[in-house]
Amino acid sequence: MDKKSSAYLVLDDGRIFEGLSWAKEGETFGEAVFSTGMTGYQETLTDPSYHKQIVIMTAPHIGNTGVNKNDEESEKIWVSGFVVRNPSPTSSNWRSEKSLEQELIDSDVVGIQGVDTRAITRHLRDRGAMRVGIFSNTELTKEEMVVRVRKTAPMSGAFLAADVTTKQPYIINPPKGVVTKFKVAAIDLGIKAATPKAMAKLGIQVHVLPLTTTLDQIKELNVDGVFLSNGPGDPAAMVIVVELVRSVLLEEIPFFGICFGHQILGRALGFETYKLPFGHRGINQPVIDLTTGKVEITAHNHGFAVAAPKEVEFHTVYGSGRVSHISLNDSVVEGLEMISIPAFSVQYHPESAAGPHDASYLFERFVKLMENPRIGLKDINA
């Protein structure tokens, strides 16, 4: 094993954690976020929602299953940096094609090992999400490193979806033997590969489109529904997509949004969004579906939330609606549904790659809404 140099994780409040270099040496910057999943690190790394973020894995042992092409959620690693306590020195899974560290090196991702990731997580839970830098093989003083971190841009106000959206439209067809029943326009704000595949299994032909897609272009496709994906950045910066969603709502085209798409639906309905203290990330977030009363364990990655009233129906220019899902950890709004028009959203990943599959039924709700847009979600959920 190569000899590792000293490395530093530097938060913008001046807190510094010292460890050893891992993956690529150098320096990198982003928003410090933590993920509580004990597995699924490859899906996290390749999730475009983590663009411009440095991910701290709270589980102490990471990398023992290596990496493989089948578990990638996009064509590249998007995280700005990766923080682990004890990286596995070997990859022992039969599906492994490469070690995690080698994959990070090949992708020019700067990492750090040997730090107390749970202590970092507790610090972020107390102080809130903040900017962070990783420095290895550096001659900078600690004071100089802190200054460099503080000069980087915060996540609030960031418009990042343009970096991750598809440049050209493409189509995911239902697998062999599954009849195509519907056509959906999926606006890509950082979509994961598992999402259109999950819809395709239900007989949906998914047209994945760039975020600059217009309503006229959607109508030319003669789609049965519009889907808005997950993605990185501040929903307040997504003015063009908010206006697109408003147009879709006025046309009463069945609409389903997840994660970033949920936040954008909230803004389209007239609600504000706000930065959470440290966000929800990982594959073990408990959410209650207020329609059924069931508690779901769900996969999240978001740092913003929608400020919608949870106790009563709300009224908008598009008709009435209500909050459909709530986080059981902190009571954050996790779902919205309209009553008089066919539109709903959730703050998390129903495809759950990686993670539990408690929320996969939401794609079936979307299918039922496209089957009969006039019936309303209350009747569909009954």
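Is cysteine 259 buried or exposed? Cysteine 259 counts as buried, because its relative accessibility is 1%; buried means under 20% relative accessible area and exposed over 50%, with partly exposed in between (1.4 Å probe, protein chains only).

I note that this is a predicted model, in which local features need pLDDT of at least 70, side-chain atom pairs count only at pLDDT 80 or more, and totals for chains, interfaces and linings use all residues. Residues are numbered from 1 along each chain as its sequence is written, and side-chain values use heavy atoms, with hydrogens and water left out.

I checked the UniProt record: the unreviewed entry gives Cys259, His349 and Glu351 as "active site", and such annotations may be inferred rather than shown by experiment. The three span 93 residues in sequence, yet no two of their C-alpha atoms are more than 11.6 Å apart, so they gather at one spot.

I located cysteine 259 in the loop between β14 (255–258) and α9 (260–268); helices (H or I, at least four residues) and strands (E, at least two) are DSSP runs, numbered from the N terminus. Beyond its neighbours within four places in sequence, cysteine 259 contacts Asn230, Val346, Gln347, Tyr348 and His349 (contact: heavy atoms within 4.5 Å).

I then turned to histidine 349, which lies in the loop between β20 (343–346) and α10 (361–371). Histidine 349 counts as buried, at 2% relative accessibility. Leaving out residues up to four places away in sequence, its contacts include Asp47, Lys192, Asn230, Cys259 and His300.

Last, I looked up residues 5–135, which UniProt (unreviewed entry) labels "domain: Carbamoyl-phosphate synthase small subunit N-terminal". This stretch is 18% helix and 34% strand, and its end C-alpha atoms are 10 Å apart.
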